[in-house]
Amino acid sequence: MNPASLAPEHPPSAPARAPSYLTAETGPKSWLFTHDHKRIALLYLGTVSFTLILGGVFALLLRLELLTPENTIMQAQTYDRLFTLHGVTMVWLFMIPSIPTVFGNFLLPLMLGAHDVALPRLNLLSWYVFVVGIAVTLIGMIAGGTDTGWTFYTPYSTTSPHEVIPVLAGVFIIGFSTIMTGVNFIVTIHTVRAQGLHWMRLPLFVWGIYGVSIIQILATPVLGITLALVCLESFLGTGIFDPLKGGDPVLFQHLFWFYSHPAVYIMVLPGMGVVSEVLPALCRRPPFNYKAIVYSTFGIAFVGFLAWGHHMFVAGQSTAANVMFGVATMGVAIFTAIKIFNWVGNMYQGQVVFNAVTAYALGFIFLMIFGGLTGVALGTVGLDAHWHDTYFVVAHFHFIMAGPTLLAFLAALHFWFPKMFGKTFSARWSLIGAATTFFGFFATFTPQFLLGNMGMPRRSYAYLPRFQWLHVASTMGASILAAGLLITLFTLIHALFFGERAPENPWDATGYEWACASPPPPHNFEVTPVITRGPYEWPVIPEEARRAT
Amino acid sequence: MAAGSTSQFFNTYMRKLLFLPRQGATYAAQVDHLHYFVLLTTLAVAAALTVTGLAFFVRYKQRVPGKRGTRAGQGLLLEVLFIGTPLSFFLLWLGMGIDVYLHIVSPPADAMQVYVTAKQWMWKFDYPDGPVAQGVLHVPVGRPVKLLMTSRDVIHSFYVPAFRAKRDVLPGRYTEYWFQATAPGHYDIFCAEYCGAGHSYMRGQVIALPPAQFHAWYAAHSRGRTAQDDANDPAVGNSLVAQGERVAANQGCLKCHSVDGSAHIGPTWLGLFGRREVMTDGTALIADAPYLTESMMAPAARIVRGYQPVMPSFQGRLAAPEVAALLEYIKSLHDLPLQVHPPEGPTYEPR
């Protein structure tokens with residue numbers, strides 16, 4: 001047999017198996033100083049799981065407070081700090097890093113037929129920088145009592161009676177970690193692809209990571225600059241955003257959203273990559289149109305930079321600017337629509353396997369449809385005048401950004417769990433967890449669309465009694481969501497310790513990452529693979545076996 | 001006539017289905033009609049996609065393990081359709097939305113002007129050569145009203161859900177907002193831009209009156225009350241307490257300090273003068289005139305335990321006689337019995 005051909009199954013010589021990356025070395029040092037992309041991915045997995053739980057606890061406390069129109073369990077100032085904590089934690093500590101740092105790190109070299117990322121030491125450094133950033137952000141927020149919301153709007157953030165600078169410094173540090181990871185991934189995709197792996201043979205997940213890395217390195221510096229300017233304003237009174245000194249508070253919003261709108265795609269593009277990757281495997285057929293998914297990824301990555309002004313339709317922006325940003329918003333939405341059509345089409349004439357991963361992927365598509373269409377409705381400018389800064393917007397961005405990122409993260413975690421840990425999880429409990437999570441999410445945020453229609457402003461500690469029953473419904477949904485996530489957590493932890501040994505390729509998938517052992521040995525491939533087919537081509541074994549003989 | 005009542009019925013039915021408040025401004029119905037159109041087309045598209053997805057899921061669900069699907073689709077024409085269909089819908093919605101938006105942001109030339117000042121956490125309405133009002137904006141029905149808005153501190157947003165429009169209120173700049181009330185009634189004003197601890201209490205009301213009643217109100221309140229007015233007013237006279245009460249209302253003190261003993265963002269003023277207070281650093285003091293004056297000018301210097309340092313400084317905003325009047329007013333709140341005010345706020349329900 002040609003040793004260089006890419007076999008989808010591990011050769012049956014199981015007894016000679018090399019130790020996996022998990023067992024090859026032991027002890028804390030072997031983890032804390034590792035250069036292995038797979039171990040760094042697990043360090044990230046532990047970190048972002050912690051921040052996800054933390055952000056979730058903040059969310060539950062907020063939902064509890066909102067059960068009644070006035071004081072339920074906390075004062076207004078505590079509430080303001082909690083929604084800041086929830087937003088900052090979920091955006092910068094969970095959603096932005098989650099899928100790229102965990103699954104990008106773990107899978108990129110495997111999918112490229114490489115032994116590691118191009119810059120392994122930078123990879124480890126980015127994790128340390130991330131952890132330092134998290135510590136500075138959280139300690140700064142809790143000790144300083146930051147109450148600005150995650151958007152840090154001036155002049156409130158520069159005149160707030162509470163400390164803002166530590167949080168800004170923390171997010172600034174995390175930004176460096178993001179840039180390092182982005183640079184690393186771009187270099188990796190360009191330089192360490194296996195022989196025969198030309199661009200149009202790249203798995204769709206790799207394209208998603210490539211697109212998101214471009215946004216990360218282009219947009220994150222703008223965030224850094226903006227946060228630094230706010231720090232200078234608070235420290236030295238530079239007056240860049242202060243009208244009394246000739247500055248402009250709206251300038252901050254332009255700078256902030258120039259980063260933060262593309263950041264929405266930093267959060268969802270990796271999730272879109274995950275769904276594009278797992279659907280062909282679970283539908284047992286190639287993607288509906290591979291190139292459409294690839295090109296739309298780049299459409300989102302570039303047009304996404306032009307739509308930031310739709311966050312400021314009522315901020316005093318000129319009508320001409322509003323029209324322009326409205327058009328750009330419709331332009332970027334079309335690329336998401338293309339992806340959705342192609343995902344639905346992926347099931348056509350397939351053999352769809354139903355399990356927790358399929359449930360998460362279909363849930364992702366469903367949320368994208370409704371989140372996307374409510375986004376387009378908000379982009380029509382005229383309707384935004386009513387919905388802007390109400391619960392409608394809160395519901396919309398949870399539907400388009402928070403829910404899909406969470407569901408895609410869980411889809412990826414389940415799909416590649418056997419690859420990462422070599423264990424099998426309970427099919428039944430994982431499906432119960434997925435269904436409960438999806439239903440809880442839907443029940444939490446659907447009432448919030450109606451609250452927005454009624455006119456309830458966001459970030460409100462107290463509200464009028466007529467809004468109460470919808471808040472109660474939303475809080476009930478949040479408890480179901482929390483239950484779903486707990487079921488999922490326990491199912492996976494149980495699988496980790498007591499799960500059966502997983503087969504090498506439990507999903508019968510065609511992706512290159514399944515060509516090495518599960519879990520992989522420290523250097524992934526025993527022999528450097530040569531790619532002779534696309535990532536979704538089937539059947540593989542007979543053809544290649546024929547060629548080999 | 002029949003068509004008119006049908007569309008009326010449709011409008012009311014859809015509005016209630018979507019939990020929208022009543023249509024208080026002339027353009028509100030226009031916004032709602034766009035809302036219905038976008039929602040119905042959106043739901044049709046979303047339902048079609050969901051049903052197609054479910055149908056594919058059921059039809060192509062794997063029944064024989066190990067079986068693989070066939071490769072189909074991929075048509076370029078199909079992808080063009082995938083782009084063209086939604087894009088034409090998106091642009092249609094956008095075109096209609098911009099049309100509505102232009103209407104919302106273009107006040108008629110003959111609009112009555114009111115100056116709006118927002119600050120943490122109150123709304124102030126100034127009529128040219130007329131009344132000054134706190135929190136309540138009186139307007140005549142059937143006449144366009146243009147608001148010229150600015151902020152004294154951070155960014156706020158003037159939002160009346162029943163009118164279906166909002167606009168940010170910025171420091172150092174004037175923004176416009178206009179509406180024409182369609183029917184007499186009370187409409188809630190909210191602040192839609194987060195502005196600190198009192199954000200959710202920064203509420204107000206638009207009271208739309210029939211023109212005759214509005215003119216009567218305007219005439220009765222058309223004197224902006226100043227310290228000089230107070231001095232000339234026999235009801236107020238030289239009473240520092242009454243002047244202090246006016247200053248407290250005008251400066252927004254009562255947005256955070258209650259005068260009836262109830263808990264709020266700041267300590268209550270009832271019985272405050274001469275009270276022993278424990279500070280955040282554990283020291284105790286008697287709330288006397290020097291301490292209260294310091295609290296107005298440098299509020300963060302010494303904070304009563306249990307409260308947050310959120311109060312802005314009034315240095316330069318209060319004249320010395322005003323400080324004296326405020327102190328007299330606080331002193332006068334010593335032995336008042338607990339007063340229960342009816343809750344301020346919305347009085348209407350969506351019908």
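Two residues are in contact if their C-beta atoms, placed from the backbone, lie within 7 Å. The exercises below use this rule on a predicted model.

**Exercise 1.** Which residues of helix 10 of chain A meet helix 11 of chain A, and how do the two helices pack?

Solution.
1. On the side of helix 10 of chain A, the contact involves Met330(A), Ala333(A), Thr336(A), Ala337(A), Ile340(A), Trp343(A) and Val344(A). They meet Ile365(A), Met368(A), Ile369(A), Gly372(A), Gly375(A) and Val376(A) in helix 11 of chain A.
2. Sorted by kind, the residues of this contact are ten nonpolar, three polar and no charged.
3. Helix 10 (residues 319–345) and helix 11 (residues 356–378) of chain A pack at an angle of about 155 degrees, and their axes are 10 Å apart.
4. Angles over 145 degrees count as roughly antiparallel, so helix 10 of chain A is roughly antiparallel to helix 11 of chain A.
5. Helix 10 of chain A passes helix 11 of chain A in a left-handed crossing.

**Exercise 2.** Describe the packing of helix 2 of chain A with helix 16 of chain A.

Solution.
1. Helix 2 (residues 37–65) and helix 16 (residues 468–498) of chain A have axes 9 Å apart and an angle of about 155 degrees.
2. That angle makes helix 2 of chain A roughly antiparallel to helix 16 of chain A.
3. The crossing of these two helices is left-handed.
4. Helix 2 of chain A contributes Gly56(A), Ala59(A), Leu60(A), Arg63(A) and Leu64(A), while helix 16 of chain A contributes Ser474(A), Thr475(A), Ala478(A), Ala482(A) and Leu485(A).
5. The residues of this contact divide into six nonpolar, three polar and one charged.

**Exercise 3.** In what order do the five strands of the open sheet in chain B lie, and which are the edge strands?

Solution.
1. The order is 3-2-1-5-8, with mixed pairing.
2. Strand 3 (132–134) and strand 8 (175–179) of chain B each pair on one side only, and are the edge strands.
3. Neighbouring strands of the sheet are turned by 25 degrees against each other on average, direction ignored.
4. Within the sheet, strand 1 (residues 112–119) and strand 5 (residues 145–151) of chain B pair in the parallel sense over seven bridges. Leu147(B) in strand 5 of chain B is the bridge partner of Val114(B).

**Exercise 4.** How many residues of chain A are in contact with chain B, and which helix gives the largest share?

Solution.
1. In chain A, 76 residues are in contact with 78 residues of chain B.
2. Elements giving two or more residues to this side of chain A include helix 3 (76–112), helix 8 (249–283) and helix 15 (427–454) of chain A.
3. Helix 10 of chain A gives the largest share, 14 residues.
4. This side of chain A divides into 49 nonpolar, 21 polar and six charged residues.

Technical notes: Residues numbered from 1 in each chain as written. Chains lettered and ligands numbered in written order. Predicted model: local features only at pLDDT ≥ 70, side-chain atom pairs only at ≥ 80, totals over all residues. Axes fitted to C-alpha atoms, helices over the stretch in contact; angles between N-to-C directions. Helix = DSSP H or I, 4+ residues; strand = E, 2+ residues; numbered from the N terminus. Parallel < 35°, antiparallel > 145°, perpendicular 65-115°, else oblique. Left-handed = near helix turned anticlockwise from the far one by under 90°. Nonpolar A, V, L, I, M, F, W, Y, C, P; charged D, E, K, R; others polar. Pairing = 2+ DSSP bridges.
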